[in-house]
Amino acid sequence: AQVAELRATGAELHIINQKCKIADFEPIKSSETLKILCINPDFVDWEFTTDDYKGIPGLKVIISSSDNISWLDTSYANDHGIQYVALENLTSEYAAVAEYATTIMMSLARQIPLLSHDNFPLDYAHDFVKYQGIDIAGKTAGIIGLGNIGGAITKRCRGLGMNVVYWSRNEKTGNDYEYREIDDLLREADVIFPTLKPNSETRRMLPNDKLGLIKQEAIVVSVVSELVDSSYLAKRVADKKLFGFGFGADPNTFSDYSGNVWAIPDYAWATKNNMRASYDQFIEKTSTSV
């Protein structure tokens with residue numbers, strides 16, 4: 001139905017449903033026809049460069065399928081009259097990502113990835129101690145970045161009986177969460193959620209020397225790409241210096257890791273409700289751009 005709505009605008013529609021370099025897609029390279037791109041940043045690894053722009057003649061508008069445009073080279077767009085638009089007020093996406101984050105947390109707390117890596121052993125008389133989980137109620141969640149996604153995760157952690165501490169660029173008013181400096185949060189929290197928007201600045205905020213402050217019994221859940229060094233944290237789990245680590249990874253890499261590591265593709269946003277809401281807004285913005 002949504003595809004039909006979009007075609008009704010008079011636009012010629014092409015759909016790319018896999019990760020790729022956008023400029024390698026032949027239909028958008030072959031003519032000077034005016035073009036509008038809607039891009040899920042996960043599908044271009046959160047990067048759209050000057051070379052990508054140059055490979056698309058007639059590009060008029062780029063619409064981000066999230067509320068984040070930090071992955072776009074906006075300076076090139078500004079210099080060449082290319083508009084860029086982010087979706088707005090995506091409460092459905094914040095909810096979807098927050099629920100996915102808490103799902104990962106619960107799975108790590110019960111060591112489901114470890115059980116899977118070990119092919120779900122059935123010798124309960126001997127294995128139950130090795131695979132015993134930890135209780136979440138009463139633990140402290142540390143939110144790094146109390147924005148839309150961080151705030152949605154916070155509400156769900158509170159609903160599970162967790163305490164919440166947070167770091168954000170500015171202390172937030174109107175809540176009863178306790179503010180911490182980043183180093184103190186990393187030392188204190190039992191479950192850590194980095195939820196900053198990815199950009200050149202935030203990707204430098206959690207180097208490995210800071211991640212080394214995290215206690216051995218803690219869990220790290222990273223649902224925002226490239227904010228932490230995944231290899232470093234996965235090795236800490238393998239060395240039994242971290243209880244669990246969950247993050248978005250390339251397809252088919254789950255088996256590359258050992259121990260209590262959740263490494264699966266970034267499906268956090270992919271719920272029926274969120275995809276419908278996102279596409280509805282994309283169609284509306286496309287219609288006004290045609």
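Arg169 forms a salt bridge with Glu201, their closest N and O atoms lying 3.2 Å apart, where a salt bridge is a side-chain nitrogen of Lys or Arg within 4 Å of a carboxyl oxygen of Asp or Glu. Because Arg169 lies in the loop between strand E5 (163–167) and strand E6 (178–179) and Glu201 in the loop between E7 and helix H9 (208–211), the pair ties together parts that are 32 residues apart in sequence; helices (H or I, at least four residues) and strands (E, at least two) are DSSP runs, numbered from the N terminus. Arg169 is partly exposed at 46% relative accessible area, the scale being buried under 20%, exposed over 50% and partly exposed in between (1.4 Å probe, protein chains only).

This is a predicted model, in which local features need pLDDT of at least 70 and side-chain atom pairs count only at pLDDT 80 or more, whereas totals for chains, interfaces and linings use all residues. Residues are numbered from 1 along each chain as its sequence is written, and side-chain values use heavy atoms, with hydrogens and water left out.

The count of salt bridges comes to twelve. Within helix H11 (residues 272–289), Asp280 and Arg276 are four residues apart, and therefore separated by about one helical turn; their side chains meet in a salt bridge at 3.0 Å, N to O.

Strand E7 (residues 191–194) points Val191 and Phe193 one way and Ile192 and Pro194 the other, all of them buried. Four bridges join E7 to strand E4 (residues 140–144) in parallel, strands being paired if DSSP finds at least two bridges between them, and Phe193 is the bridge partner of Ile143. Two bridges also join E7, again in parallel, to strand E8 (residues 219–222), where Val220 stands opposite Ile192.
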